[in-house]
Amino acid sequence: MKPSIPKGTRDFGPSEVRKRMHIFDLMKNVFIKYAYNPIETPVMESLSTLMGKYGEEGDKLLFKVLNNGDFLAKANGEALDDRDSNKVITSISKRGLRYDLTVPFARYVVMHQNEITYPFKRYQIQPVWRADRPQKGRYQEFYQCDVDVVGSSSLMYEAELVQIYDEIFAALNIDVVIKVNNRKVLAGIAESVGIMDKFIEMTTSIDKLDKLGMEGVREEMLKKGLTNNDVDKIVDILQIKTLSDLEAKISGSEIGKLGIEELKCFHEYLDQKETTNKVEFDITLARGLNYYTGCIFEVVHSKEAYPELVMGSLGGGGRYDDLTGVFGLKNVSGVGVSFGAARVYDVMNELNLFPASTNVGIEVLIIALSEKAHLYAFKCLNKLRAAGISSDLYPSPAKMKKQMKYANDNNVPNVVIIGGDEMESGKLSFKNMQSGEQSAQSIDEIINSFA
C-alpha cells in the first residue's frame, strides 16, 4: 500500500513545527498580556451544536462523523431509497468535526455559565476542519487562534481586539490592512433598498466579492431573487468609501445609523493609541457567517507591501449579540477575532520572515572520538541539559566525517569534539559551525557562553 494523507491536510516536520510554534508562542504572549485565559474544547461536537450556525453554505462544509457500531441499522430507509443524502446523514451521524472555535465556545459558555465570571475573556489555539476545495492558502484541516470576550457589549473590546491584531502582525513583521465594517450598516443598506427579507442573500453575495468581482456579485444577487433595480442601488452604495458619505445615503434606516454610531464609538477607543498597520473602513466587508450582528473585521496582507503575493484573508471576526441564545442562554453579547494560522504560516514562509532561530533544534551536538570519550561526553551532555541548553550526543563514536555530516544536516550551530586530549586537559574543542571558529574551553565555560 502506498502511504498517503487526506487531501487538504499536511504533514509538518521538525522545522515546520518549530516555525508554527514560533507563531503560536508569540500569539499566546500577546493574548495573555491582554488578560485572555486559555480553554480547549473537543475535536467533535454534536451536529445539533454545529448545524445552522454558519449559513447554508457553511453547513455543507461540515465534516460529519458516522455513528458508532452498525450505523445503517437506524438509517432512514426512505431517504436511502430516495438517495436523499441530507436526510440519510441526519439518521446515521450525530457528531461532526468543529468548523470553527466560536460556536463551540458559545456552547462552552452556556454549559459552564455558573463557573465563569463575566466578562469572560478566552483564547483558544486548536485545529478545525472544513470540507472545502483545497487550494493555495485553503486547507481542510488547519489551526485557528481565537480570542473572544463574552458578557459585555462595550465597544472597548472591538478596539482591543484590533489592537491585538495590530500588535501580533507587527511582531510577525507582516504588513497588513485591518478592514472594519458593521453588520448593522449592511442591514441599513438592505433596509434603504427595501430588501430586508433578502438580507442574508445580499450579505452572502457581497462576501464573495474578492472571488467573483462586482459583476459576479451582481449576477449572484440576481440569481437569489433580487431585482436589477435593487442590485443597482446596492452596487451604487458599495462604492462609498467614508462613513460621512454613507450616513447621508442610508439616513432613513435606524439600524444603519446605529451601525455608523457603533463604528464611530469604536474609533474613539482605537484612536487613543496609534496602530502600526492600516485600519480602514470597508463597506464591502460582509463576513458571510450569520451570527455576526455588529462590528466585523478582516485582515488581509498589504498589497502595497507585497504586490506579488496571492493569499486570502489572514483573520477575521466580529460582534455576535446572541450566539449563546441558540443554546438557551439569552442576552449574552460577545465579540471575537480569529487568526488563520495556516495562512499566516504560508505568508511568512513565502516572504522568508521566520527568524533564523526557528531552523535550530539542537544548539550543541557533542562528538566523541572513542568509546571512553563517549562515556565522558555523556557526562558533559547532562551538564549542558541541566543548564537548559538543547543538546545531544551522537549515539556512537563513529568517524568524524559522519558525525559532522549529522550536525550539518540538522543545522546544528555548535559542536563539541571530545577525544583523548580533551579528556586529559578538560578543555573541549568547541566549534561554531557557521563561522568555523574553534576554541578550547571547559564544559563550564561553554555553558557560560550561552548565558
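Which residue caps the N-terminal end of α8? Asn182 does so, with a side-chain oxygen lying 2.8 Å from the backbone nitrogen of Lys184. The structure is a predicted model, in which local features need pLDDT of at least 70 and side-chain atom pairs count only at pLDDT 80 or more, while totals for chains, interfaces and linings use all residues. Residues are numbered from 1 along each chain as its sequence is written, and side-chain values use heavy atoms, with hydrogens and water left out.

**The chain as a whole**

- The protein chain holds 18 helices and 16 strands; these elements are DSSP runs numbered from the N terminus, with helices being H or I of at least four residues and strands being E of at least two.
- Taken along the principal axes, the C-alpha atoms of the protein chain fill a box of roughly 90 × 60 × 45 Å.
- Of the 451 residues of the chain, 50% count as buried, where buried means under 20% relative accessible area, exposed means over 50%, and partly exposed is in between, with a 1.4 Å probe and protein chains only.
- Among contacts between residues at least 6 apart in sequence, 71% join residues at least 24 apart, a contact being heavy atoms within 4.5 Å.

**Helix α8**

- Helix α8 covers residues 183-193, and because nine of its 11 residues are buried, it is largely enclosed by the rest of the structure.
- The buried residues of α8 are Arg183, Lys184, Val185, Leu186, Ala187, Gly188, Ile189, Ala190 and Val193, and what covers them includes the strands β7 (176-182) and β9 (295-301) together with the helices α9 (199-206), α11 (228-237), α12 (243-249) and α13 (254-270).
- After α8 comes Gly194, whose phi is positive, near 85 degrees.

**Aromatic pairs**

- A search of the whole structure finds 17 aromatic pairs; rings of Phe, Tyr and Trp (its six-membered ring) pair if their centres lie within 6.5 Å, and planes under 30 degrees apart count as stacked, over 60 as edge-to-face and the rest as tilted.
- The rings of Tyr54 and Tyr291 have their centres 6.5 Å apart and their planes at 70 degrees, so this pair is edge-to-face.
- That pair links distant parts of the chain, 237 residues apart, with Tyr54 in the loop between α2 (47-50) and α3 and Tyr291 in the loop between β8 (278-281) and β9.
- Tyr54 is buried, with a relative accessible area of 3%, and Tyr291 is buried as well, with a relative accessible area of 8%.
- Tyr165 and Phe339 form an edge-to-face aromatic pair, with 4.8 Å from centre to centre and 70 degrees between the planes.
- Because Tyr165 lies in helix α7 (residues 156-171) and Phe339 in strand β11 (residues 334-340), the pair ties together parts that are 174 residues apart in sequence.
- Tyr165 counts as buried at 0% relative accessibility, and Phe339 likewise counts as buried at 0%.
- Ring pairs link Phe31, Tyr123, Tyr165, Phe169 and Phe339 into a cluster.

**The second largest pocket**

- The second largest pocket has a volume of about 280 Å³, a volume being the space filled by probe spheres set on grid points that are joined across faces, edges and corners.
- On a 1 Å grid over the protein atoms alone, with a 1.4 Å probe, a pocket is an open set of points with protein on both sides within 12 Å along at least five of seven lines, and lining residues have an atom within 4 Å of a point.
- Among the residues that line this pocket are Leu47, Met51, Lys64 and Leu66, while the elements that give two or more residues to the lining are α3 (55-60) and α5 (85-92).
- The largest share of the lining, four residues, comes from α5.

**Individual residues**

- Arg107 lies in helix α6 (residues 102-111) and is buried, with a relative accessible area of 13%.
- Not counting residues up to four places away in sequence, Arg107 touches Thr41, Pro42, Glu45, Thr49 and Phe327.
- Lys33 has its place in helix α1 (residues 14-33) and is exposed, with a relative accessible area of 55%.
- The side chain of Lys33 makes a polar contact with the side chain of Glu167 (2.3 Å), a polar contact being a pair of N or O atoms within 3.5 Å in which, within protein, one must be able to donate a hydrogen and the other to accept it, and residues adjacent in sequence count only if both atoms are side-chain atoms.
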